[in-house]
Amino acid sequence: MSFFGFRKWPTPVAKPLWPFITAGFVTYYFVNKLQDMAVKSEKYKNDPRNPYAEQIAKEAHH
């Protein structure tokens, strides 16, 4: 008998979704690394629109 539509045993949520959660973390990590490399590339390092230009300049002087 179900009580308010709930089963006796709960439906698993994390177990069937672990590949998608893992893929999400891996994708986030590699997109972050790619963005970091692109922002610090020679083409965009001195671009005034680069929000990290000051930070990159400080790192280059050390």
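Trainee: How many salt bridges does the structure hold?
Mentor: It holds three salt bridges. The term stands for a side-chain nitrogen of Lys or Arg within 4 Å of a carboxyl oxygen of Asp or Glu. Before we go on, this is a predicted model, where local features need pLDDT of at least 70 and side-chain atom pairs count only at pLDDT 80 or more, while totals for chains, interfaces and linings use all residues. Residues are numbered from 1 along each chain as its sequence is written, and side-chain values use heavy atoms, with hydrogens and water left out.

Trainee: OK, which residue forms a salt bridge with Lys40?
Mentor: Glu59 does, and the closest N and O atoms are 3.8 Å apart. Glu59 lies in helix H3 (residues 53-61) and Lys40 in the loop between H1 and helix H2 (42-45), so this pair ties together parts that are 19 residues apart in sequence.

Trainee: What counts as a helix here?
Mentor: Helices are DSSP runs of H or I with at least four residues, strands are runs of E with at least two, and both are numbered from the N terminus.

Trainee: Which residue pairs with Asp47 in a salt bridge?
Mentor: That's Arg49, with 3.1 Å between the closest N and O atoms. Asp47 counts as buried, because its relative accessibility is 16%. Arg49 is exposed, with a relative accessible area of 70%.

Trainee: New topic. How many helices and strands does the protein have?
Mentor: Three helices and zero strands. From the N terminus on, the order is α-α-α.

Trainee: What radius of gyration does the protein have?
Mentor: It has 23 Å, whereas a compact globule of 62 residues would have one near 11 Å. The radius is taken over C-alpha atoms, and the globule rule is 2.2 Å times the number of residues to the power 0.38. Along the principal axes, the C-alpha atoms fill a box of roughly 70 × 20 × 20 Å.

Trainee: What percentage of the residues count as buried?
Mentor: Of the 62 residues, 6% do. The protein exposes about 6,500 Å², and carbon and sulfur atoms supply 67% of that. Those accessible areas come from the Shrake-Rupley method with a 1.4 Å probe; for residues, only the protein chains shown count as cover.

Trainee: Which residues make the nonpolar surface patch?
Mentor: Val13, Leu17, Phe20, Ile21 and Phe25 make it, and the patch is about 560 Å². Patch residues have over 30% relative accessible area and no salt bridge; like charges are joined within 9 Å, and nonpolar side chains (Val, Leu, Ile, Met, Phe, Trp, Tyr) within 5 Å. Ile21, for one, is found in helix H1 and is partly exposed at 44% relative accessibility.

Trainee: Where does Gln35 lie?
Mentor: In helix H1, which covers residues 14-39. Gln35 is partly exposed at 45% relative accessibility. Gln35 and Trp18 are 17 residues apart in sequence, and 26 Å lies between their C-alpha atoms.

Trainee: How far apart in space are Ala23 and Gly5?
Mentor: They are 32 Å apart, C-alpha to C-alpha, and 18 residues apart in sequence. Ala23 belongs to helix H1.

Trainee: What about Ala53 and Val39, what separates their C-alpha atoms?
Mentor: A distance of 8.5 Å, with the two residues 14 apart along the chain. Ala53 is in helix H3 and is partly exposed, with a relative accessible area of 21%.

Conventions. Buried means under 20% relative accessible area, exposed over 50%, partly exposed in between (1.4 Å probe, protein chains only).
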